[in-house]
Amino acid sequence: MKPLCGAALLLLLLCAAVSAQSSCVCEKNKRVTNCRLENGQCRCDAIGSGVAVDCTTLTSKCLLMKAEVMGSKSGRREKPKDAFEDTDGLYDPECENSGAFKAKQCNGTTCWCVNTAGVRRTDKHDTDLKCNQLVRTMWIIIEMKHAERDAPLNAESLKKFFTDTITSRYQLNGRYIASVLYENPYITIDLKQNSSDKSFGDVDIADVAYYFEKDVKGQSIFHNNAGLNVSIDNEPVKLEKTVVYYVDEIAPEFSMKSLTPGLIAVIVVVVIAIVAAIVVLVLTRRRKGKYVKAEVKEMNEMHRGLNA
């Protein structure tokens, strides 16, 4: 029995060694499962879709959003202690096998068209909506605001930090970084990449912006990483607000129905102000007219009295 037990123990150790060699950690994406080594590279299945992702590069935004939605439903998503849930723009997307967004996205009986960044670019309709093509987002504007400070940051050092970070951390070719502008306290990063510019194997600016936004909010997608530490000239910089704007190759198709409540409120206030001004003008003219008539009537009575 002893030789048999020894053989069993050896087999267990061998299996453990093989398992350790065949498993891996996806450094570029923690929202994955079933990680394994294939030809020396780590590949994992994205949570929510099961699509295999290459861990040597960024995962597409569509697969990341799908994994985030599934993580929110199942409670698996890791949250920093100070994190709060931001549901703006988050939905359960339909992804192509390549990881790209499908042009038409639906939530039950409501559908809309999206761009390559997965952002809605039309009004919401019923399921009969036709989205003929996936319109490319060619320009992404990332606008940030840093906390109040005694002195402004050095513009050149700031530009170098964000340029180096985007090219190294997010693997974006530097030619797609159109500009890094600093206007105290605002920092604006322009990423431009149209259909003809993008080469095979280049990461997409939409994926870069999504990773970047999550990093800044402390919700990093990278494995065992708390987020992006912004440091200019060895001085930590706290970012208070980040907004991402999208510009597509074809203009979006929104109607007045899709206006935000704030804009609608402004329009209503303006219309009320104009109507009020017209009413005041009309009433003022009427009063003046009555005054003139009364004055003429009194003058006539005076003339009659004199003549009498």
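User: Leaving out residues up to four places away in sequence, what does Lys214 touch?

Analyst: Lys214 touches Glu68, Gln219, Ser220 and Ile221, with residues up to four places away in sequence not counted. Keep in mind that this is a predicted model.

User: Where does Lys214 sit, then?

Analyst: Lys214 is in helix 4, which covers residues 205-216.

User: Buried or exposed, that Lys214?

Analyst: Buried: the relative accessible area of Lys214 is 9%, and the cut-off for buried is under 20%.

User: Which side chain does the Lys214 side chain make a polar contact with?

Analyst: The side chain of Glu68, at 3.0 Å.

User: Switching to Thr59. Where is that one?

Analyst: Thr59 is in the loop between strand 3 and helix 2. Thr59 is also buried, at 4% relative accessible area.

User: And what is Thr59 in contact with, leaving aside neighbours within four places in sequence?

Analyst: Asn29, Val53, Leu64, Asp207 and Tyr211 are in contact with Thr59 once those neighbours are left aside. With Asn29 there is a polar contact between the two side chains, at 3.1 Å.

User: Val53 is in a strand, I think. Which residue is its bridge partner?

Analyst: Cys44; Val53 itself belongs to strand 3. Strand 3 pairs with strand 2, residues 41-46, in the antiparallel sense over three bridges.

User: What is the order of the strands in that sheet?

Analyst: The order is 1-2-3, in an open sheet of three strands with antiparallel pairing. Strand 1 (32-38) and strand 3 (52-54) are the edge strands, each pairing on one side only. From one strand to the next the twist averages 30°.

User: Back to Cys44. Which cysteine does a disulfide join it to?

Analyst: Cys35, with an S to S distance of 2.1 Å. The torsion about that S-S bond is about 115°, so the disulfide is right-handed.

User: How accessible are Cys35 and Cys44?

Analyst: Cys44 counts as buried at 0% relative accessibility. Cys35 is partly exposed, at 22%, because buried means under 20% relative accessible area.

User: How many disulfides does a search of the whole structure find?

Analyst: Six. Counting bonded cysteines along the chain, the pattern is 1-4, 2-6, 3-5, 7-8, 9-10, 11-12.

User: Give me another one. What about Cys24 and Cys42?

Analyst: Cys24 and Cys42 form a disulfide with their sulfur atoms 2.0 Å apart. The link of Cys24 and Cys42 has 80° about the S-S bond and is right-handed. Cys24 lies in the loop between helix 1 (2-22) and strand 1, and Cys42 lies in strand 2, so the pair ties together parts 18 residues apart in sequence. Both cysteines count as buried, Cys24 at 18% relative accessibility and Cys42 at 11%.

User: And the link of Cys113 and Cys131, is it left-handed or right-handed?

Analyst: Left-handed, with -90° about the S-S bond. The sulfur atoms of Cys113 and Cys131 are 1.9 Å apart. This pair links distant parts of the chain, 18 residues apart: Cys113 is in strand 5 (residues 110-113) and Cys131 is in the loop between strand 5 and strand 6 (137-146).

User: Are those two buried or exposed?

Analyst: Cys113 is buried, at 9% relative accessible area, and Cys131 counts as buried at 17%.

User: Now the inside. Which residues touch the most other members of the largest nonpolar core?

Analyst: Phe162, Tyr170, Leu172, Ile189 and Leu191, out of 53 residues in that core. Among the elements that each supply at least two residues of this core are helix 2 (61-74), helix 3 (155-168), strand 8 (186-192) and strand 11 (239-248). The largest share, seven residues, comes from helix 4.

User: Which residues does the second core include?

Analyst: Ala103, Cys111, Cys113 and Cys131 are among the five residues of that separate core.

Technical notes. Residues are numbered from 1 along each chain as its sequence is written. This is a predicted model: local features need pLDDT of at least 70, side-chain atom pairs count only at pLDDT 80 or more; totals for chains, interfaces and linings use all residues. Side-chain values use heavy atoms; hydrogens and water are left out. Two strands pair if DSSP finds at least two bridges between them. Helices (H or I, at least four residues) and strands (E, at least two) are DSSP runs, numbered from the N terminus. Axes are lines fitted to C-alpha atoms, for helices over the stretch in contact, and angles run from 0 to 180 degrees between N-to-C directions. A disulfide is a pair of cysteine sulfur atoms within 2.5 Å. Buried means under 20% relative accessible area, exposed over 50%, partly exposed in between (1.4 Å probe, protein chains only). A polar contact is a pair of N or O atoms within 3.5 Å; within protein, one must be able to donate a hydrogen and the other to accept it, and residues adjacent in sequence count only if both atoms are side-chain atoms. Contact means heavy atoms within 4.5 Å. A nonpolar core is a set of buried Ala, Val, Leu, Ile, Met, Phe, Trp, Tyr and Cys residues joined through side-chain atoms within 4.5 Å.
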